[in-house]
Amino acid sequence: MVIHRRAAATWFAGGLIAFATVLMLRPIVTHEQAQAARPPAGISAQQVSAVEPDTSRDSAHTVSTRERADAIARAQIWRAPATPIARAHFGADSRAPSLIECRFHFADLGGTTPKFDCLLPSGKELRIKYGHGAEVPAEAAATRLLASLGFGADIVTPLERLRCFGCPNEPFLTSKLVEATGTQPLVERAVDEDDYVEFEWVGVEQKFVARPIESESQKGWAFFELDSVDPSKGGAPRAHVDALRLFAVFLAHWDNKADNQRLVCLSDAWRKGTPCPEPFLLVHDLGSTFGPNRVDLDEWEQAEIWEDRAACKLSMEKLPYGGGTFGPTRVSERGRRFFAKLVGELSDAQLTDLFTWARFDKSRSLWKDTSPVSEWVRVFKKRARQISEGPQCPDV
């Protein structure tokens, strides 16, 4: 009986915490203001398609450890982009709306980056990243760059304004408290669904559309597992593997824990219990890039690419957490040349559009200076030359 009382007291205390949090963080827009501000007909389906993710193949297939290892051995890493790199568009999409409306939806949220899920009128679910930090611009630029060059990535698109109905003022914190206390029904009753909160310059995440391959104990992949990709079994050639390693170091992608990468199956015909015909390795989260502290020009310029240029040895040991799952490794000459070929097709105008679109020149903190886009282009090209120029890499 004492145990039951303690459990009830714990639940009640948690409920009070969550309820008080919602009261403190309730939307500051009244029902009347919401009705007046609501656009007459919403946005068109074409506009939504510019930022709406397709989650039709999201649910993972759970496989054995042996089947997962086989999929990694046979996995590809790069595909020729549909649009030639030299013609890729890195500026703002003219179809994308400046305002989107959605309705707040409770979801399990990992990590520490402020985020939440909300539903469009169509029922599609959006993952929204918000706040004044540097993660949204970093991830926007890095994911668009990699995807345009032929690597797999979840795209993050900047959106000027998001109007979230039924949304707490601080949705990430509220979601975390609700998850910890199990008080979702209580919190939902405390929030007026006709009230809304507006967020400025959020990131809308669009998942790479493919079914994840996961085992009971492993849901992503670590960079040291790239050693297991085997061309003799149909896996990616060493040049593609090494180009991805070079891009990780080039961007200073130190937050590369397994949860931030994903093993997927590109084939629609894959059936559970059979090997995936087209396994593919992609990057899930690139928010910690362009400098150890994210979008820091001086730190990015100074971040080392080579531990030993003569041996073509890479390392991230001087970056946060010792570079995560990226251990010291040597890359091949073919990988170095493949990286140089891809980056060499980018023009100054494209890089200018990329950093402008991702808002690298906009202030995000009172404590951090901004740098002009031209400087970001300069450092990008400088770091690329550190890889493309110089002697050949020794045989690996």
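A: What follows covers the cavity and then the paired strands.
A: This is a predicted model, in which local features need pLDDT of at least 70, side-chain atom pairs count only at pLDDT 80 or more, and totals for chains, interfaces and linings use all residues. Residues are numbered from 1 along each chain as its sequence is written, and side-chain values use heavy atoms, with hydrogens and water left out.

Q: OK, how many cavities of 30 Å³ or more does the structure hold?
A: The structure holds 1, where a cavity is a set of points, on a 1 Å grid over the protein atoms alone, at which a 1.4 Å probe fits but cannot get out. The largest cavity has a volume of about 40 Å³, a volume being the space filled by probe spheres set on points joined across faces, edges and corners.

Q: And which residues line the largest cavity?
A: Its lining (residues with an atom within 4 Å of a point) includes Leu146, Phe223, His253 and Val283. Helix 8 (residues 238-251) gives the largest share, 4 residues; helices are DSSP runs of H or I, at least four residues, and strands are runs of E, at least two, numbered from the N terminus.

Q: Switching topic, how do strand 3 and strand 4 run?
A: Strand 3 (residues 115-119) and strand 4 (residues 125-129) run antiparallel, joined by 5 bridges, and strands pair if DSSP finds at least two bridges between them. Leu119 stands opposite Glu125, while in the hairpin, with 5 residues between the strands, Gly123 takes a positive phi near 95°.

Q: What is the bridge partner of Ile128 in strand 6?
A: That partner is Val204, and strand 4 pairs with strand 6 (residues 196-206) in the antiparallel sense over 3 bridges.

Terms used:
On a 1 Å grid over the protein atoms alone, a cavity is a set of points where a 1.4 Å probe fits but cannot get out, and a pocket is an open set with protein on both sides within 12 Å along at least five of seven lines; lining residues have an atom within 4 Å of a point.
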